Amino acid sequence: LMPFWPGCIFSFLLHCTPLYPLGVCVRAILAKKVQDIIGHDRSWATVFFLSLFCLPCEVGRESLEVDAEIGADITCCCQVEVTSRLMSEMANVKSRMCTAG
């Protein structure tokens, strides 16, 4: 949705200044787009309030969901094992089918 360094600088400037509420709104909009892409149905208000009151938890949860979606297994800092796209898609379909009912 946004390149890493511009997003990092943008997030820092909005979350470490008096513009925190604006930063939460921007983050909620971008997080909602990510949720829509990976197929999670969450309202913007839910994403906004979770970001407002527990931003680190929300960022961590979102990164775990994205890692699971792409099939990445991060065991330690800078040690990433990525499964093939086909295998991760099959695992995602299986987990969604098993939890849908």
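This report looks at a nonpolar surface patch and at the aromatic ring pairs in a predicted model.

## A nonpolar patch on the surface

Let's begin on the outside. F4, W5, I9, F12 and L13 come together as a nonpolar patch on the surface. Their accessible area, taken together, is about 620 Å².

L13 has a relative accessibility of 48%, so it counts as partly exposed. The cut-off for exposed is over 50%.

## Aromatic pairs

Now for the rings. A pair of aromatic rings is described by the distance of the centres and the angle of the planes. Searching the whole structure turns up four aromatic pairs. In one of them, F4 and W5, the ring centres are 4.8 Å apart and the planes meet at 80 degrees, so this pair is edge-to-face. Both residues are exposed: F4 has a relative accessible area of 57%, and W5 has one of 58%.

W44 and F48 make a stacked pair, with 5.1 Å from centre to centre and 20 degrees between the planes.

## A closer look at helix α3

How far apart are W44 and F48 along helix α3? They are four residues apart in this helix (residues 44-53), which means that about one helical turn separates them. W44 is partly exposed, because its relative accessible area is 36%. F48 has a relative accessible area of 15%, so it is buried.

How values were computed: Residues numbered from 1 in each chain as written. Predicted model: local features only at pLDDT ≥ 70, side-chain atom pairs only at ≥ 80, totals over all residues. Heavy atoms only, no water. Patch = residues over 30% accessible without salt bridge, like charges linked within 9 Å, V, L, I, M, F, W, Y side chains within 5 Å. Areas by Shrake-Rupley, 256 points an atom, 1.4 Å probe, with all protein chains shown as cover. Salt bridge = Lys/Arg side-chain N within 4 Å of Asp/Glu carboxyl O. Buried < 20%, exposed > 50% of the residue type's maximum accessible area, 1.4 Å probe, protein only. Phe/Tyr/Trp six-rings, centres within 6.5 Å; stacked < 30°, edge-to-face > 60°. Helix = DSSP H or I, 4+ residues; strand = E, 2+ residues; numbered from the N terminus.
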